[in-house]
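The tour below goes from one selection to the next.

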Amino acid sequence: MTQMKEILAKARSLIRLWWDILTRRPPSPEQKPSSPGDEQVPQSSLPKSEDLVEHTVVTILPEAARPAPTAWRVLGASVQGSRHERLGIPCQDACEWKSTTDGTLVIAVADGAGSATHSHVGAQTAVRVVIEHLADFDRLQKIDSEKSWYALATETLEKAVGAIKIQARSYDLAMREFATTLSFVVLRQHWIAAFQIGDGAIVVRDSDKQLHTLTYPVSGEYVNETVFVTSMSAVDSARVVFRESSVSHLCIFTDGVQMLALQMPTASPHAPFFESLFGFLDSLDASAERLESFLRSCKVRERTDDDITIVLASRCGYEG
Amino acid sequence: MTHEMLEMVEFAENPEPRCACVLLLDTSSSMDGEKIHALNQGVEAFKDALLEDSLASRRVEVAIISFNSKVELIQDFVTVDKFDPPTLIAQGRTEMGAAILEALRLIKLRKETYKRHGTLYYRPWVLLITDGEPTDSIDQAAKDVHKAEDDKEVVFFAVAVEGADMEKLKKIAPNHRPPKRLKELAFQELFVWLSKSMQVISRSAPDEQITLPPTDGWSVI
């Protein structure tokens, strides 16, 4: 056992050396391997390459001498609604997520417009661009307020709309044929930020175990009307949220699930629905297949025949 | 108070979004005989067709306003699963103008109820069925229908049964949706079409272009 410790300590000092070379810092006395408990490196001085962080902290020293970056358990599924199945229309929902080794999780969900012929392409393009743009250490590092988040979120939206425009040109079709809603969320150690255009919603469970609706649907007077990224009013009607809080669980979903998940008019979360989903996510038998079969179940289908997307996330090591 | 509480229970028990449909039915004396009989059967068929669709029967709400010498709300809004079709009796004049205004007022009130309970809803429909010439002024009604259509407050359909004053109906109905003539006594077909249309609407997703089923089963081209 003592031998093991020695080996570990040696490994640690070697890593420290590589680290210092890579980050071009002179080795500082308080960071010598003899005091492994003090290896608290401030986040801002972390190297920018995600790979480096992974090698130094996660792979080699799992017991983490510095604060362990948050790891996330994420499950998501999009299923085609029964109406689209009948009519032979593809599932127009799309979702993507990425967690980086510095403990950041980015999730994007889009719901293509039923009336548009290529909305599934629009939805897929939008979520891909969002992930590419936001899963970026440098960009997120600058976010510390709603204002800075709004700037980054609208920039991300512009990128997504720009990519859809290019798609539209390549298909030689009007932009509206690619109409889609879009919502995305960034989770970091101490803050959460969300942006949403159109319907769908995000519900979180805070560390105080309370459920909160982070964003809720943007819609017109009638239930079959909403706003799309391609709409003129997209940015003006967007929901923007930045909160300094450490959420333990999150659920982001498209409007197909709304009837089951939110109590209107307050858009408050329907607790049994989320408690069971979060419980499922933290259980040993959680899998994307099981989530998908839940979404395909008769009970859910009875309430909606729209495409459905749910992405669930929970902080690992969270003591529920 | 009791009414409000019952209403609250109704929306709590059935939180589905609502698709309101007002049947505005001419029950003047000219409708007597075969016509009113066929109309009654048509309303029954409407209920039966929607009942087969569990989602639509919880989303579609029917109200019936009949008009003859007086305008009467004989069925306030009710979801199809709780709808008990009345037996209509034909007698008296054709107070159509007043009836149309009442239908628009009823819809406005219903939307307020939906909002109060946080219930989502689709754009409501008014289906006017008449075989006669209005005995009151239709000017205000025509104006209000056009405005309501322009403001996307309502979808207005006019159906003319044999003997109806087509000129006046054309004035009332929005220009982009002129009145249709009913083929003989094809009420059954008309109401089956209406139930299919309600099914399509009551499950339409945001911004979906709604394609209504063809009307050639009941309307004269």
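Contact here means heavy atoms within 4.5 Å. Axes are lines fitted to C-alpha atoms, for helices over the stretch in contact, and angles run from 0 to 180 degrees between N-to-C directions. Helices (H or I, at least four residues) and strands (E, at least two) are DSSP runs, numbered from the N terminus.

This is a predicted model, in which local features need pLDDT of at least 70 and side-chain atom pairs count only at pLDDT 80 or more, while totals for chains, interfaces and linings use all residues. Residues are numbered from 1 along each chain as its sequence is written, chains are lettered from A and ligands numbered from 1 in the order in which they are written, and side-chain values use heavy atoms, with hydrogens and water left out.

Stay on the helix and select Ser148(A), which is placed in H6 (residues 146–171) of chain A. Its side chain reaches the backbone nitrogen of Asp144(A) at 3.1 Å. A polar atom of the Ser148(A) side chain also lies 3.1 Å from the backbone oxygen of Ser145(A). Leaving out residues up to four places away in sequence, Ser148(A) touches Lys142(A) and Ile143(A).

Select S2(A) and strand S3 (residues 105–111) of chain A: seven bridges join the two, which run antiparallel. Within this pair, Glu96(A) stands opposite Ala108(A) in S3(A).

Next, pick Arg188(A) and Asp102(A), whose side chains meet in a salt bridge (2.8 Å, N to O). The term covers a side-chain nitrogen of Lys or Arg within 4 Å of a carboxyl oxygen of Asp or Glu. Arg188(A) is in the loop between S4 and S5 of chain A and Asp102(A) in the loop between S2 and S3 of chain A, so the pair ties together parts 86 residues apart in sequence. Over all chains, the structure holds 22 salt bridges.

Move to the other sheet on the tour, an open one of five strands ordered S1-S12-S9-S6-S7 (chain A), with antiparallel pairing. Its edge strands are strand S1 (72–79) and strand S7 (211–215) of chain A. Here neighbouring strands are turned by 15° against each other on average, direction ignored. Eight bridges join S1(A) to the antiparallel strand S12 (residues 308–315) of chain A, and Trp72(A) has Arg315(A) in S12(A) as its bridge partner. Helix H8 (residues 271–282) of chain A packs on this sheet, touching S1, strand S6 (201–206), S7, strand S9 (247–253) and S12 of chain A. Helix H9 (residues 288–295) of chain A lies across S1 and S12 of chain A, at about 40° to S1(A).

Finish by showing both chains. How many residues does each chain bring to the contact? Chain B gives 25 residues and chain A gives 22 residues. The two chains bury about 2,000 Å² between them, 52% of it on carbon and sulfur atoms; buried area is the accessible area (1.4 Å probe) that two parts lose on being put together, summed over both. Across this interface the rule finds zero salt bridges.

Technical notes: Two strands pair if DSSP finds at least two bridges between them. A polar contact is a pair of N or O atoms within 3.5 Å; within protein, one must be able to donate a hydrogen and the other to accept it, and residues adjacent in sequence count only if both atoms are side-chain atoms.
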